[in-house]
Amino acid sequence: MFQVISEVTLKALGQQLKVLRGESITPQTTSHWAPTPAHVHPVASVEPTDQSPPISEMSERYIRESGMAEQTANETRRMIGWFIELKGDRRIRSITRNDILDFRDSIAKRPGRDAGKQVSSVTVQKYLNLLSSMFKVATEASELERNPVQGLRKLKANRTPKKRQPFTTEELTTIFNGDWYQPHTEQNARFWVPLLSLFTGARLNELAQLRVSDITEEAGIWCLSVVRDDAAEEEDDTEGHVVGATFVKNDGSTIRTVPLHQELIRIGFIDYVLKVRQSGSIQLFPELTPDKFGKLGKTLGGQFAKYKKALGFESQTKVFHSFRHGFKQRCRSAQTPEDTHDYITGHTSQAVGRSYGFEADISALKEFVDRIEYPGLDLGHLYRQ
């Protein structure tokens with residue numbers, strides 16, 4: 001650059017000398033400031049290549065590595081299918097916040113389980129949380145710079161959840177005098193599971209999965225060993241349809257020992273247990289078969305829903321779970337300490353139960369259980385003759 005300026009300056013001085021001497025000068029038509037084409041070196045633009053995985057690939061890897069239950073995995077695949085249907089099988093780095101907002105609005109317009117109603121805001125939020133978890137893993141793996149779901153404002157509830165209500169005395173009388181409880185009816189899961197829930201507050205699937213070996217005699221007191229089924233806390237109003245992990249008993253399972261109520265003994269539950277034990281069955285209710293997610297309570301829950309409908313029940317707040325709510329209510333009426341009935345119904349962990357000494361003193365727990373009464377409910381017609 002300095003050399004070019006110097007050449008221009010010298011030539012300008014030379015021309016001024018010619019003018020002073022009276023000599024003619026030749027007009028300059030070429031500017032030395034304009035570089036010749038040979039001096040131009042254009043820089044090629046390089047478009048970055050997106051090497052991030054498509055959302056279908058990312059979701060399958062997330063399902064595989066997270067070890068989620070089959071039911072949750074199927075829900076995740078269904079959600080990703082909806083996204084691909086709307087936006088295509090995009091590479092995850094190309095997915096923007098606006099794409100997520102479009103997807104959210106699209107899900108919210110889909111039909112829900114109830115006829116004529118759309119998907120609830122709770123369900124929409126559940127899918128967004130799943131999507132966010134996947135993007136978070138991708139971000140931690142440096143496949144994504146930013147989670148497009150993170151920070152998205154939660155949807156406001158678009159409907160009031162149906163609160164389950166305990167059965168009234170009249171309703172319990174109707175249930176336990178219906179076709180399932182006539183002298184000619186077989187004593188099986190349909191007969192015993194509602195009664196067990198009535199006097200233990202246990203969840204449907206916790207009772208449906210009982211094994212014969214779960215009924216034991218401790219210090220002369222018959223007890224149930226109930227494995228906590230956390231997924232059943234999300235049981236919806238359609239009797240037995242549960243969102244959550246398939247539960248399988250193992251040595252690490254949370255188990256609570258619950259003494260059997262005297263009414264269950266009078267009705268003949270122990271005789272039933274001994275009969276099943278003699279048959280060689282492992283399951284206490286061998287007629288129950290698991291669904292594709294391993295749940296034994298779903299079919300029974302559906303049968304109970306039809307049974308109560310046939311009995312004239314119209315309220316959607318009265319479901320199988322109502323037995324559990326009724327038991328908690330009767331515990332409070334009997335002035336059972338909260339930590340005690342929390343332990344009995346499985347609202348606390350095994351460790352908490354042990355810290356209060358419930359498992360160490362079955363006789364004390366038995367006293368609390370036998371205090372539970374349902375005033376006005378007469379089950380005398382079910383007593384073992």
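**Close-up 1. The second largest pocket and its lining.** Helix H10 (residues 269–279) contributes most to the lining of the second largest pocket, supplying five residues, where helices (H or I, at least four residues) are DSSP runs numbered from the N terminus. The model shown is predicted, so that local features need pLDDT of at least 70 and side-chain atom pairs count only at pLDDT 80 or more, while totals for chains, interfaces and linings use all residues. Residues are numbered from 1 along each chain as its sequence is written, and side-chain values use heavy atoms, with hydrogens and water left out. The lining of this pocket comprises 13 residues, among which Glu186, Gln187, Tyr272, Lys275 and Val276 lie nearest the centre. A pocket is, on a 1 Å grid over the protein atoms alone, an open set of points with protein on both sides within 12 Å along at least five of seven lines, and lining residues have an atom within 4 Å of a point. The space in the second largest pocket is about 270 Å³, a volume being the space filled by probe spheres set on grid points that are joined across faces, edges and corners. Sorted by class, the lining holds four nonpolar, four polar and five charged residues; Ala, Val, Leu, Ile, Met, Phe, Trp, Tyr, Cys and Pro count as nonpolar, Asp, Glu, Lys and Arg as charged, and the others, Gly among them, as polar.

Close-up 2. A cavity is a set of grid points where a 1.4 Å probe fits but cannot get out, and the model has four cavities of 30 Å³ or more.

**Close-up 3. Helix H4 against helix H5.** The axes of H4 (residues 97–108) and H5 come within 10 Å and cross at roughly 150°, the axes being lines fitted to C-alpha atoms over the stretch in contact, with angles running from 0 to 180 degrees between N-to-C directions. The two helices are therefore roughly antiparallel to each other, a term for angles over 145 degrees. Ile100, Phe103, Arg104, Ile107 and Ala108 of H4 meet Val124, Tyr127, Leu128, Leu131 and Phe135 of H5, contact meaning heavy atoms within 4.5 Å. This contact has nine nonpolar residues, no polar residue and one charged residue.

**Close-up 4. Helix H3 against helix H4.** The axes of H3 (residues 70–87) and H4 come within 10 Å and cross at roughly 115°, which makes H3 roughly perpendicular to H4, a term for angles of 65 to 115 degrees. Met79, Trp82, Phe83, Leu86 and Lys87 of H3 make the contact with Asp99, Ile100, Asp102, Phe103, Ser106 and Ile107 of H4. The contact residues divide into seven nonpolar, one polar and three charged.

**Close-up 5. Helix H12 against helix H13.** The axes of H12 (residues 321–333) and H13 (residues 338–345) come within 10 Å and cross at roughly 155°, which makes H12 roughly antiparallel to H13. Arg324, Phe327, Lys328, Cys331 and Arg332 of H12 meet His341, Asp342, Ile344 and Thr345 of H13, and this contact comprises three nonpolar, two polar and four charged residues.

How values were computed. Angles under 35 degrees count as roughly parallel, over 145 as roughly antiparallel, 65 to 115 as roughly perpendicular and the rest as oblique.
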